[in-house]
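I opened this entry to record what I looked up in the model, beginning with the overall fold and ending with the charged side chains.

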Amino acid sequence: MKAIALIAVPLSLAACSYERPAPGTGIRECNADRVQPLVGREAKPQVVERAKQRSGARTVRVIKPGMAVTMDYRSDRLNVELDDVNTITALRCG
């Protein structure tokens, strides 16, 4: 039983840590600078998809006012922040 605990604790701690992938590892990284002209546009599905493609992000998270979001950082994710009328107010990676 002690042996299991000695293995399980370090493994569970390792699962909580996150390191940024090294450049050139094949992991797509997001670049929000490329999509800043989309701020002020309505967040239609095709606009959000265009932002994803232009930024190089692998995933997109659309954040509406008052929406709860996790604080985890992902270098391959584009965050699209909206206002009450579905207008893009900010585009950030993470």
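The notes below go from the whole chain to single pairs of residues.

**Ground rules.** I am working from a predicted model, in which local features need pLDDT of at least 70, side-chain atom pairs count only at pLDDT 80 or more, and totals for chains, interfaces and linings use all residues. I number residues from 1 along each chain as its sequence is written, and side-chain values use heavy atoms, with hydrogens and water left out.

**Fold.** I looked up the secondary structure and found two helices and three strands, where helices are DSSP runs of H or I with at least four residues and strands are runs of E with at least two, numbered from the N terminus. Along the sequence I read these elements in the order α-α-β-β-β.

Of the contacts (heavy atoms within 4.5 Å) with a separation of 6 or more, 41% are between residues 24 or more positions apart.

**Salt bridges.** I then turned to charge pairs and found four salt bridges in the structure, each defined as a side-chain nitrogen of Lys or Arg within 4 Å of a carboxyl oxygen of Asp or Glu.

I checked Arg 58 and Asp 76, whose side chains form a salt bridge with an N to O distance of 2.8 Å. This pair links distant parts of the chain, since Arg 58 lies in the loop between α2 (45-55) and β1 (59-63) while Asp 76 lies in the loop between β1 and β2 (77-82), 18 residues apart. Asp 76 is buried at 5% relative accessibility, whereas Arg 58 is partly exposed at 44%.

Which residues are linked with Asp 76 in a network of salt bridges? I found Arg 58 and Arg 74 there; the closest N and O atoms of Arg 74 and Asp 76 are 3.3 Å apart, and Arg 74 is partly exposed at 29%.

Last, I recorded the salt bridge of Arg 92 with Glu 81, at 2.5 Å between the closest N and O atoms. Here strand β3 (residues 88-93), which holds Arg 92, is linked to strand β2, which holds Glu 81, across eleven residues. Both are partly exposed, Arg 92 at 45% and Glu 81 at 26%.

Key:
Buried < 20%, exposed > 50% of the residue type's maximum accessible area, 1.4 Å probe, protein only.
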